[in-house]
Amino acid sequence: MRKTEEYNIKLSNEAEEGRKKTREKLSVFQVFEMIVFAFVAVVIIFTFFFRVFDVEGPSMKPVLEDGNKIVVSAIGYKPERGDVVVLSGPDNKPIVKRIIAVAGDEVDINFTTGVVTVNGTEEEYTQELTTQQFDIAFPIKVPEGTVFVLGDNRGNSFDSRSTALGCVDERMIVGKVLFKLLPPGKVE
């Protein structure tokens, strides 16, 4: 073989090795770029579309326990009876409650029998009797632009039975609970 052929083969091998190293570097860069993009996408999604909250306290037992992590969304949300929602409560602290009644509904609670009725129909969100009374007299009609909320653990819940919370302005609803993140599960 001639020296020029050997030199050309050597240059060709070196060029191929250089291209291979460049591809490896590019692959590492592409992987890093994809990881950064995925991280930014997750941050944007959970900042603007979904939020994660920690449940504090026993007011929603047995559906939600203290320490559960929940995913909440407010996109296109319109309050409905039965929804479990996160509210901006007193002192802007997030609280989790169930919407029992919406604007125009009449809520009555018989604290002797423990029965809650909405528009004359007994509500069925919990088997627990509602015997704890606060300072609101019943029956009440839910004003426009508000909702009436109760915790599922009626004996251990600060909710719309108290004038300190009362009927909650719909603008104070952060969003509807979609599911439990930790431990995983549905919220009904």
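**Chat about a predicted model**

User: Hi! Let's start with Leu165: buried or exposed?
Analyst: Leu165 is buried, because its relative accessible area is 15%, under the 20% cut-off. One thing to keep in mind is that this is a predicted model.

User: Got it. Where is Leu165 placed?
Analyst: Leu165 is in the loop between S9 and S10.

User: And what is Leu165 in contact with, leaving aside its neighbours within four places in sequence?
Analyst: Its contacts are Pro90, Ile95, Val149, Phe158, Asp159 and Ser160. Pro90 is 75 residues away from Leu165 in sequence, yet the two C-alpha atoms are 7.2 Å apart in space.

User: Nice. Now Arg161: which loop is that in?
Analyst: Arg161 is in the loop between strand S9 (146–150) and strand S10 (168–169).

User: Why does Arg161 count as buried?
Analyst: Arg161 counts as buried because its relative accessibility is 0%.

User: Then which backbone oxygen does the side chain of Arg161 reach at 3.2 Å?
Analyst: That is the backbone oxygen of Ser157. A polar atom of the Arg161 side chain also lies 2.9 Å from the backbone oxygen of Gln132.

User: What else is Arg161 in contact with?
Analyst: Leaving aside neighbours within four places in sequence, the contacts of Arg161 include Ile109, Phe111, Phe134, Phe138, Phe148 and Leu150. Thr130, Asp135 and Arg154 are also among them.

User: How many residues does the largest nonpolar core have?
Analyst: The largest nonpolar core has 13 residues, and those with the most contacts inside it are Val107, Ile109, Phe138 and Phe148. The elements that give two or more residues to this core are strand S4 (94–102), S5, S6 and S9. Another core, of 12 residues, lies apart from it, with Phe53, Met60, Val63 and Leu64 among its members.

User: Let's look at S5. Which residues are on its covered face?
Analyst: Strand S5 (residues 106–110) has Val107 and Ile109 on its covered face, while Glu106, Asp108 and Asn110 are on the uncovered one.

User: Why would the faces go like that?
Analyst: In a regular strand the side chains alternate between the two faces of the sheet.

User: And which strands does S5 pair with?
Analyst: S5 is joined to strand S6 (residues 115–118) by 4 bridges, and the two run antiparallel. S5 also runs antiparallel to strand S8 (residues 140–141), with 2 bridges joining them. On the S6 side, Asp108 stands opposite Thr117. On the S8 side, Glu106 has Lys141 as its bridge partner.

User: What's in the turn between S5 and S6?
Analyst: S5 and S6 form a hairpin with 4 residues between them, and Gly114 in that turn has a positive phi of about 80 degrees.

User: Last topic, the whole protein. How many helices and strands are there?
Analyst: The protein has 1 helix and 12 strands.

Note on methods. Residues numbered from 1 in each chain as written. Predicted model: local features only at pLDDT ≥ 70, side-chain atom pairs only at ≥ 80, totals over all residues. Heavy atoms only, no water. Buried < 20%, exposed > 50% of the residue type's maximum accessible area, 1.4 Å probe, protein only. Polar contact = N/O pair within 3.5 Å; in protein donor to acceptor, adjacent residues only side chain to side chain. Contact = heavy atoms within 4.5 Å. Pairing = 2+ DSSP bridges. Core = buried A, V, L, I, M, F, W, Y, C linked by side-chain atoms within 4.5 Å.
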